[in-house]
Amino acid sequence: MTSLRGRLFVILVLATGAIWLCATAWILVCSRAELTRVLDARLQEAARMIHSLVANGNMTVAHAAAAAAAADAGAEPALYTRQLSCQIWSFDGRLVGRSVGAPDSQLTDQAAGFSDRQVDGETWRVYAVEDPVKGFRVMVGDRISLRQKLVNDLLFGLLAPGLVVIPALGALIWLSLGRGLRPLAVMAGELAARRADDVRPIETARTPPEVRPLAVALNGLMDKVEAARRHERDVTAFAAHELRTPLAGLKTQAQIARAASDPAIRAGALGQIVVSVDRMTALVRQLLALARLEAGGPGLAVGRVTVGEVLREIEEHGTLPARAACVVVIDPALDRMALTTERESLSLALRNLHENALHHTRGGTVTWTMAPGAAGIIVCDEGEGIPDEDLGLVRRRFYRGRHSPAAGTGLGLTIVETAARRIGARLELRNRTDRSGLEAALLWPPGGPGPSTG
């Protein structure tokens, strides 16, 4: 059963029925014991009364037995008349008196006190009083079957109302559940009536405490959806803005190449077309990489990664035009530095740091080394560096800075920082003090999942 209302209804009705049955069983057990005690006390009282009447000579034996039976008949409802039976036996074994309806056989062979006895196929509960002075014994008993009938009637009196009360209680529970679950229906109706772009938070001030966690969770989800939509709008807007310029330049250069009759002009225009295509390719690649990183979700495959191997792979497969004019130096110690991390995220961070260094160096040297005294990797270029006022801004998406080359996309450092967070590192940027250029470092916290050498 998937309906919350139906499940609660079944649980409550079953629980109510179980409590009703347990209470009935408890009352029945207690009532049976109390009924046995009361009826036994009545047997004892009747036997002693008859003994007293006979022993004091106030009444004959026959009259005393008849009086006891008549008194019992008047005290009980018609259904239970003549429930008590009385016998008076002499010590020599003669039946000297009995009540109407009492059996001819002796009710008990016990001299005094309570006993249970089978008489004429029926079980009797008997109390006997003995008078040794006058030589007679008084026996008063009632049938166990009549006692059981009293208990059964009591049980029926307890269960019969349940046949009426439980269905009525079930209907009341069903209506109450509908009213109690109404806030959920109201919330569902409110959400169903909203437009697809309406992510306003749900009102929680007047929400019942049981429903409030759901409303708070939905509000949190709406905040995440709104943040994701806002991020998508920003990326789309930024990408459209960034692609507009190279597309316009590409169109212009294509028109020049088509209209030019001079081979040199045509070759220059075709060269610019290649540059524009390269720039757009890099921009799209970086946009896709950034979107994949910021999407989150399950982590990528984690394994043992050698930093030097990744750097040499990046250097070997590099496609930047500026690469040919630069010298790349990789410290041999990095060939012994290993990480247990996501290879793709690490490679993405190192590739963008490498391309960023090549973009800015313009004919100098790009050096990769281990961070001294810390768990990390450092890349140094020989470009112009970054003005101090721009150091805190260059990690922003599409921010190039005043000294950035036109070929840059403004996404490289954003990708590096996002990838660094995934592998538990942080990005630090600072201008070189020994000469012009920038020093970028990926650093891991002490005791964190940083690199090891071996």
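Colleague: A cavity is a set of grid points where a 1.4 Å probe fits but cannot get out, and its lining residues have an atom within 4 Å of a point. With that in hand, which residues line the largest cavity?

Modeller: Keep in mind that this is a predicted model. The structure holds two cavities of 30 Å³ or more, and about 50 Å³ of space lies in the largest cavity. Its lining consists of Leu353, Asn356, Ala357, Val379, Cys380, Asp381, Leu438, Glu439 and Ala440.

Colleague: Which elements give two or more residues to the lining of the largest cavity?

Modeller: By class, that lining has six nonpolar, one polar and two charged residues. Leu353, Asn356 and Ala357 are among the lining residues, and helix 8 covers residues 343-361. Counting elements that give two or more residues, we get helix 8, strand 10 (376-380) and strand 12 (438-443).

Colleague: Let's turn to the open spaces. How many nonpolar residues are in the lining of the second largest pocket?

Modeller: The second largest pocket holds about 210 Å³ of space. Pro183, Val186, Met187, Glu190, Ile202, Glu203, Arg206, Thr207, Pro208 and Val211 line this pocket. One lining residue is polar and three are charged, while the number of nonpolar residues is six.

Colleague: Which residues does Trp368 touch, not counting residues up to four places away in sequence?

Modeller: Trp368 is one of the residues with the most contacts inside the largest nonpolar core. Leaving out residues up to four places away in sequence, Trp368 touches Leu311, Val328, Val329, Ile330, Asp331, Leu334, Leu350, Leu353, His354, Ile377, Ile378 and Val379.

Colleague: And how many residues are in the other core, the one with Leu43, Leu84, Val138 and Val140 among them?

Modeller: Across the chain of 454 residues, 37% count as buried. This other core lies apart from the largest one, and its number of residues is 13.

Colleague: I'd like to look at the rings next. Why is the pair of Phe9 and Trp174 edge-to-face?

Modeller: The structure holds two aromatic pairs. Planes over 60 degrees apart count as edge-to-face. The ring centres of Phe9 and Trp174 lie 5.3 Å apart and their planes stand at 90 degrees, so this pair is edge-to-face.

Colleague: How many residues apart in sequence are the parts that Phe9 and Trp174 tie together?

Modeller: Phe9 is partly exposed at 24% relative accessible area, and Trp174 also counts as partly exposed, at 35%. Phe9 sits in helix 1 (residues 4-55) and Trp174 in helix 3 (residues 144-180), so the distance in sequence between the parts they tie together is 165 residues.

Colleague: Where is Asp120 placed?

Modeller: Asp120 is exposed, with a relative accessible area of 60%. Although Asp120 is not a glycine, it has a positive phi of about 55 degrees. Its place is in the loop between strand 3 and strand 4.

Colleague: Last stop, helix 9. Which of its residues are buried?

Modeller: Arg421 lies in helix 9 (residues 412-422) but is exposed, with a relative accessible area of 55%. Eight of the eleven residues of helix 9 are buried, so this helix is largely enclosed by the rest of the structure. The buried ones are Gly412, Leu413, Thr414, Ile415, Val416, Thr418, Ala419 and Ala420.

Colleague: What separates the C-alpha atoms of Arg421 and Ser345?

Modeller: Arg421 is part of helix 9, which is followed by Gly424 with a positive phi near 80 degrees. Along the chain, Arg421 and Ser345 are 76 residues apart, and the separation of their C-alpha atoms is 9.4 Å.

Conventions
Residues numbered from 1 in each chain as written. Predicted model: local features only at pLDDT ≥ 70, side-chain atom pairs only at ≥ 80, totals over all residues. Heavy atoms only, no water. 1 Å grid on protein atoms, 1.4 Å probe; cavity = no way out; pocket = protein on both sides within 12 Å on 5 of 7 lines; lining within 4 Å. Points joined across faces, edges and corners; volume = space filled by probe spheres on them. Nonpolar A, V, L, I, M, F, W, Y, C, P; charged D, E, K, R; others polar. Core = buried A, V, L, I, M, F, W, Y, C linked by side-chain atoms within 4.5 Å. Buried < 20%, exposed > 50% of the residue type's maximum accessible area, 1.4 Å probe, protein only. Helix = DSSP H or I, 4+ residues; strand = E, 2+ residues; numbered from the N terminus. Contact = heavy atoms within 4.5 Å. Phe/Tyr/Trp six-rings, centres within 6.5 Å; stacked < 30°, edge-to-face > 60°.
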